[in-house]
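Please read them with the coordinates open.

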Amino acid sequence: MSKPRIAFFDFASCEGCQLEAINFVEEFLVLLGHVDIVQFREAITEAEWDIDVSFVEGSITREQDIPRLEEIRENSKVVIALGACACTGGVNAIKNTRPLEDVRADVYGDKKDWFPTFPTRPIDQVIKVDGYIYGCPIDRNDFLKNVQLILQGKKTLRHNDPVCVECRLKENECLLTLGKPCMGPITRGGCGAIDPTFGHPCTGCRGLVDDPNENAAMDVLAENGLTVEDIKSYMTIFNAFRPEDIQ
Amino acid sequence: MKQFIFQKSRMKELISYLISAYPSVYAPVPRGKHFVFDKIADASNVEFKYIRTILPPKKYLMPQHEALVNFTLTENLEFKEELVTDRQVILGVRPGDIRAIKLLDDVMMNRNKDRNYIARRENTVIIGIDGIPDEYSYEDSVMDLKVEEGFDLFMTDLGNMILVDVATEEGMKIINSIEHEPATERYLNLRENILNSQREMFTARIDIQAKLLPLVLEGKWNHPIWEEMGRKCLSCGQCILVCPTCYCFNVTDDMALSMEEGTRTRHWDGCQLADFTLVGHGENFRDNAAARIRHRFHRKFKYHLDVFSEIFCTGCGRCWETCPSEINLVEIANALSSEEVE
């Protein structure tokens with residue numbers, strides 16, 4: 001039996017998730033025993049189509065991204081969103097909270113007309129996506145677990161249990177009980193609660209759980225000393241994208 | 001049960017003996033502003049004057065993540081059961097947690113025979129110690145602070161002296177490792193006084209006898225308190241993860257990267273998490289926080305009373321202290337029962 005052919009692609013992103021995927025050399029080499037990599041701009045020069053599994057990093061921010069993403073979809077049996085930008089729009093979607101013209105002027109100044117962009121969207125707003133590997137960046141163990149599942153023909157992990165679950169099982173001190181604002185209660189887990197484990201509040205990089213109680217979360221953040229403005233910006237660091245932004 | 005006293009200054013000696021005699025000794029140690037049970041190498045870090053630990057000592061009988069079976073995908077599928085049988089001591093367990101372990105025994109050893117739990121439990125020595133409550137504690141509303149069973153030794157801090165109840169032969173052997181003498185009437189009376197003063201320290205109370213809650217719950221299925229709490233609940237699951245009497249779990253099969261071998265592991269799981277009741281075809285039969293909170297309250301104060309004749313809440317206050325929205329079972333119990341009075 002031939003090995004599954006996998007490929008990595010990127011759109012608007014820092015490419016940190018792909019870097020994370022190849023960063024842990026030992027495990028990556030074992031992984032290479034199970035797959036053939038046919039496209040991976042960050043690691044190899046060859047580029048072939050006829051792909052079994054495509055991992056797509058980055059959000060969609062420009063008109064010309066759409067045909068390229070559609071081409072990936074047409075040539076892949078399975079498409080996986082890799083990392084926060086692809087899954088939820090990530091930090092790139094913060095621009096959706098302000099008028100597009102202002103954002104473009106901020107970045108490109110008087111050259112803003114040279115670089116047309118549109119509101120940021122996660123890749124599943126453009127093509128059908130078969131699975132998600134969350135996080136900014138992705139968690140390497142979570143990535144490997146998901147790759148194993150994908151290779152077995154299974155779905156990727158839902159991670160609908162919030163960050164609090166892993167945080168509590170690790171017996172970290174709850175940052176909220178210490179008066180620090182934390183997005184853990186409504187943010188998808190699967191990261192091993194890495195931020196709270198090192199004393200940093202969760203900022204929601206893995207996206208919100210399926211049915212987040214945002215009102216209660218805002219009340220809790222307000223009790224922990226955040227103003228309404230603070231709460232709004234805190235909750236939109238990684239979760240600014242709203243489907244109505246692109247309608 | 002026999003009672004002895006020993007000088008508090010001998011505690012270090014006692015702990016040293018335990019460390020030399022048992023492969024693992026677990027005791028409360030500080031973690032930031034909180035406390036956790038952790039393996040100790042000497043007596044220096046042990047803190048008996050704690051209120052509660054983040055997780056209950058249950059984690060040594062049923063770990064958060066516990067390997068059940070290792071398997072290998074050869075021609076003949078091979079299985080190897082993982083049973084842990086190392087001797088262990090849990091030192092400094094509060095009365096509520098002792099009672100919680102008794103309840104878990106009922107569930108995991110008597111009503112069901114959970115091989116992994118039984119293997120760990122039968123190799124566990126429990127040494128209890130008394131303590132004072134804080135604003136989240138309500139043990140006094142759901143149990144007797146004076147525990148009579150479920151431990152090998154139970155220590156009461158009398159100031160310079162420690163009064164110790166010896167319940168088992170192994171407990172006697174441990175006490176024999178240090179100088180001690182039989183407890184006279186005077187010390188037993190002193191303990192009663194301490195217990196009485198501890199009972200008066202509770203500020204959080206369930207207004208009615210907790211064993212009456214099953215009656216109170218009749219006709220309350222659609223009471224507005226469930227929706228009210230549901231609006232506050234984040235469904236983060238912290239309450240059920242820190243609970244000393246919760247025992248629900250999920251089981252996963254995880255392959256090694258080689259894809260040739262794997263492990264079947266059980267993980268703590270519970271009813272306040274949205275996916276707990278998610279079943280095939282995407283149906284979720286408790287798909288909102290109000291229904292989940294109602295279920296949790298019934299589990300603690302009705303369903304288990306029907307089966308085990310015991311309240312499955314020890315009043316330890318862990319769920320209350322850790323809840324970001326400060327949801328607590330005392331408030332719910334009092335809201336439900338106040339209407340009975342009217």
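The points below take up the interface, then one arginine in each chain and the strands of chain B.

1. Basis. This is a predicted model, in which local features need pLDDT of at least 70, side-chain atom pairs count only at pLDDT 80 or more, and totals for chains, interfaces and linings use all residues. Residues are numbered from 1 along each chain as its sequence is written, chains are lettered from A and ligands numbered from 1 in the order in which they are written, and side-chain values use heavy atoms, with hydrogens and water left out.

2. Extent of the interface. Chain A contributes 31 residues to the contact and chain B contributes 36 residues, where contact means heavy atoms within 4.5 Å. Between them the chains bury about 2,700 Å², 59% of it on carbon and sulfur atoms; buried area is the accessible area (1.4 Å probe) that two parts lose on being put together, summed over both. Of the area that chain A buries against chain B, 28% comes from Arg168(A), Leu169(A) and Glu171(A), more than from any other three residues.

3. The rule finds 2 salt bridges between chain A and chain B, a salt bridge being a side-chain nitrogen of Lys or Arg within 4 Å of a carboxyl oxygen of Asp or Glu. Glu171(A) and Lys59(B) form a salt bridge through their side chains, at 2.5 Å from N to O.

4. The chain A side. At least two residues each come from α2 (25–32), α6 (140–151), α7 (163–169) and α9 (214–223) of chain A. Helices (H or I, at least four residues) and strands (E, at least two) are DSSP runs, numbered from the N terminus. The side of chain A that touches chain B has 15 nonpolar, 7 polar and 9 charged residues. Here Ala, Val, Leu, Ile, Met, Phe, Trp, Tyr, Cys and Pro count as nonpolar, Asp, Glu, Lys and Arg as charged, and the others, Gly among them, as polar.

5. Arg188(A). This residue lies in the loop between α7 and α8 (194–197) of chain A. Arg188(A) counts as buried because its relative accessibility is 10%; buried means under 20% relative accessible area, exposed over 50%, partly exposed in between (1.4 Å probe, protein chains only). Its side chain reaches the backbone oxygen of Arg158(A) at 3.0 Å and that of Leu208(A) at 3.4 Å.

6. Arg99(B). Helix α2 (residues 95–111) of chain B holds Arg99(B), which is buried at 13% relative accessibility. The side chains of Arg99(B) and Glu310(B) are joined by a polar contact of 3.4 Å.

7. Strands of chain B. An open sheet of 8 strands with mixed pairing runs β3-β2-β6-β7-β8-β9-β1-β10; two strands pair if DSSP finds at least two bridges between them. β3 (34–39) and β10 (181–182) of chain B each have a single partner strand, so one side of each is left without a neighbour in the sheet. Strands β6 (residues 88–93) and β7 (residues 124–129) of chain B run parallel, joined by 5 bridges. β11(B) and β12(B) form a hairpin with 5 residues between them, and Met259(B) in the turn has a positive phi of about 65°.

Terms used: A polar contact is a pair of N or O atoms within 3.5 Å; within protein, one must be able to donate a hydrogen and the other to accept it, and residues adjacent in sequence count only if both atoms are side-chain atoms.
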